Amino acid sequence: MLESMRLAKYCSVKQGGRLPANTECEWTLDSGDRCRDDRVEKVAANTIQRMGSSLAEGIPPKGNITHVIFDMDGLLLDTEQFYTLAQENILARYGKTFDWSLKAKMMGKKALESAHIFVEETGLSGILTPEQFLEDRKAILEDLFPTSELMPGAKQLICHLHAKGIPICVATGSDKKYFDLKTTKHRELFSLMHHVVLGDDPEVKHGKPSPDIFLAAAKRFKDSPTNPLNILVFEDAPAGVAAAKTAGMSVVMVPDPRLDVKHQAAADQVLSSLLEFNPSDWGLPPYETVTS
């Protein structure tokens, strides 16, 4: 099972000659991704961070991608603008402003988790409860979600992968009600997904950056991959990238340009749009060249 799969990381380290080069450090998802040998844990973490930084500069790792998982909000659907608008309106009532440092902390998480972050970070604890915040936001969002439009390149990529027989699915923190509202205009496209895992799914105990939702999504493919490195995740949120990496998967990040670049370091590849994605970079079937 993916939940208990060991993810081996190799670190070339030497500490006063006590450790041999290429010391093996093993992580298990069940034990919270801690390095088995605490003497090299820090070195291992730094090594992986450097690897992530170099890959984020546009050099994806070589691998055999067989399955693809998509986030939805801000990645396939242009819905993040609605969340921003609603939260700006709510904060304006209290003479406060909403900024992207706060948005980065909220993106990709379950509704109640993000609500707690919102009231705590804005200093509204004791004035506005997380539950009341969600109710106030709900009144605004439910009118906006049915108007959601696709992000550039989303339809092209989904249709291409489906046509080439690549299993694809969605893993989103949205609950079923919000998912249905957001996809109102795009039912046919989302029907191409093998399955959809939602934030209120019983198997998703914790929201992103916990790997729960991606592990659940991976298991539900008909031919579930035994190696998480065969799965490519598309994300726009820092918490989503962290969740996918914790699950042992590769990640292409398509962040909002207003998001601080420091949040991109963990991604394997960073694009400004899905239109820039080249399937061949990941061993996926290339787009067909249209000739006149």
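**Figure 1. The largest cavity of the predicted model.** The largest cavity holds about 40 Å³ of space in this predicted model, where local features need pLDDT of at least 70, side-chain atom pairs count only at pLDDT 80 or more, and totals for chains, interfaces and linings use all residues. Residues are numbered from 1 along each chain as its sequence is written, and side-chain values use heavy atoms, with hydrogens and water left out. A cavity is a set of points, on a 1 Å grid over the protein atoms alone, where a 1.4 Å probe fits but cannot get out; a pocket is an open set with protein on both sides within 12 Å along at least five of seven lines; lining residues have an atom within 4 Å of a point. Grid points are joined across faces, edges and corners, and a volume is the space filled by probe spheres set on the points. One cavity of 30 Å³ or more is counted. Its lining consists of G108, K109, K110, G173, G199, V204, G207, K208 and I213. Two of these residues are nonpolar, four polar and three charged (Ala, Val, Leu, Ile, Met, Phe, Trp, Tyr, Cys and Pro count as nonpolar, Asp, Glu, Lys and Arg as charged, and the others, Gly among them, as polar).

**Figure 2. The cis peptide bond at P209.** The bond from K208 to P209 is cis, with omega near 15 degrees. P209 belongs to the loop between β5 and α9; helices (H or I, at least four residues) and strands (E, at least two) are DSSP runs, numbered from the N terminus. K208 is also one of the residues that line the largest cavity.

Figure 3. Helix α9, residues 212–219, is mostly covered, with seven of its eight residues buried (under 20% relative accessible area, with exposed over 50% and partly exposed in between; 1.4 Å probe, protein chains only). The buried residues are D212, I213, F214, L215, A216, A217 and A218. They pack against the strands β3 (67–70), β4 (168–171), β5 (195–197) and β6 (231–235), and against helix α10 (238–246); contact means heavy atoms within 4.5 Å.

**Figure 4. The second largest pocket.** About 560 Å³ of space lies in this pocket. Its lining comprises 32 residues, and Y83, K109, K110, A111 and R137 lie nearest its centre. At least two lining residues come from each of α2 (80–92), α3 (100–106), α4 (111–121), α5 (130–144) and α7 (176–182). Helix α5 supplies the largest share, five residues.

**Figure 5. I140 in helix α5.** I140 is placed in helix α5 and counts as buried because its relative accessibility is 19%. Beyond residues up to four places away in sequence, I140 touches A86, N89 and R93. The C-alpha atoms of I140 and L85 are separated by 8.8 Å, although the two residues are 55 apart along the chain.

**Figure 6. Cysteines and the chain as a whole.** C169 counts as buried because its relative accessibility is 0%, whereas C159, at 30%, counts as partly exposed. The count of disulfides is zero (a disulfide is a pair of cysteine sulfur atoms within 2.5 Å). The chain has ten helices and eight strands, and 49% of its 292 residues count as buried.
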